Amino acid sequence: MADYDAQPGRNPPEQPELSAARREADEVDLYAGLTGVAGIVAGARGVIAVLGEVAEFARQAIPGVDGAGDHGAEVFRACVACHNLRADDGVRAGPTLAGIFGRRIATLPGYSFSPALKKLDIVWTPATLSKLFEIGPAAYTPGTKMPEQRIGSAEERERLVKFLERATKNN
Ligand code: HEC
């Protein structure tokens, strides 16, 4: 002890067990701090990715659509966060609508549909798809995980269907 005291600025070494425990506590703190930050960063990235996709869709030309002034494509903007129109665009929250007309409900391979949907006897046609948004998914497809939404105007439904007929063919 006397040796250390004799050299100002130097402290006696800590007990080995004590300093190990302290180191461990510091590491745990650091780890908790880092995972917290990582979680926030990942969350923010997710939000930015979704916003980016919507913005990207607003810019990109939609296959089968003439471009500006297509009112059906405008109506489809309500769906684009969850559905894509081409089979190879990857899955969003909902199944791809590529090839939807003529397909029986909840039969697209590779998508995990609600069990309730698989029991329904619906084939997607312009009429059934229009009905889905006339009375709403909760009434037309009870038990669905698709959020409730309705398109009140018959004209808008018709435009959406016409758009989907063009945009989901051979995709
Ligand atoms: C917030 C996400 C979300 C939005 C917005 C959304 N959907 Fe969906 N949709 C889903 C999910 C999820 C399913 C699968 C439902 C299930 O398994 O219960 C689905 C299922 C469907 C199905 C049945 C598909 C099949 O293969 O049987 C159709 C058709 C459909 N949506 C059309 C649309 C249209 C058209 C719009 C826009 C007007 C729209 N959806 C908006 C999430 C969404």
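Let me start with burial: a residue is buried if 20 or more other C-beta atoms lie within 10 Å of its own, exposed if 12 or fewer, and partly exposed in between, with C-beta atoms placed from the backbone. Ala 81 is partly exposed, because it has 14 other C-beta atoms within 10 Å.

Some ground rules. This is a predicted model, where local features need pLDDT of at least 70, side-chain atom pairs count only at pLDDT 80 or more, and totals for chains, interfaces and linings use all residues. Residues are numbered from 1 along each chain as its sequence is written.

Now the overall picture. The protein chain has seven helices and zero strands. Helices here are DSSP runs of H or I with at least four residues, strands are E runs of at least two, and numbering goes from the N terminus. Of the 171 residues in the protein chain, 15% are buried. Contact means that two C-beta atoms, placed from the backbone, lie within 7 Å. Take the contacts in the protein chain with a separation of 6 or more: 50% of them join residues 24 or more positions apart.

Back to Ala 81. It sits in the loop between α3 (71-76) and α4 (115-118). Ala 93 is found in the loop between α3 and α4 too. Ala 93 counts as exposed, because it has 11 C-beta neighbours inside 10 Å. For Ala 93 and Cys 82, the C-alpha to C-alpha distance is 4.8 Å, at 11 residues apart in sequence.

Cys 82 brings us to the ligand. There are 23 residues around the ligand, and those that come nearest are Cys 79, Cys 82, Gly 94, Ser 114 and Met 146. Near means a C-beta atom, placed from the backbone, within 6 Å of the molecule. The shell divides into 17 nonpolar, four polar and two charged residues. Nonpolar covers Ala, Val, Leu, Ile, Met, Phe, Trp, Tyr, Cys and Pro; charged covers Asp, Glu, Lys and Arg; the others, Gly among them, are polar.

Next, the core. The largest nonpolar core has 15 residues, and Phe 76, Leu 97, Leu 160, Phe 163 and Leu 164 have the most contacts inside it. Such a core is a set of buried Ala, Val, Leu, Ile, Met, Phe, Trp, Tyr and Cys residues joined through C-beta atoms within 7 Å. Two or more residues of this core come from each of α3, α5 and α7. The largest share, five residues, comes from α7.

So what is buried in α7? Arg 157, Leu 160, Val 161, Phe 163, Leu 164 and Ala 167 are. They cover an arc of only 160 degrees around the axis, so they lie on the same side of α7. That arc is taken from the directions from the helix axis to the C-beta atoms. On the other side of α7, Ala 154 and Glu 155 are exposed. Cover for the buried residues of α7 includes α3 and α5. Leaving out residues up to four places away in sequence, Leu 160 touches Gly 72, Val 75, Phe 76 and Ile 151.

Last, α5, residues 126-135. Leu 129, Leu 132 and Phe 133 are buried there. Their arc is only 80 degrees around the axis, which puts them on the same side of α5. Ala 127 and Ile 135 are exposed on the other side. Gly 136 follows α5, with a positive phi near 95 degrees.
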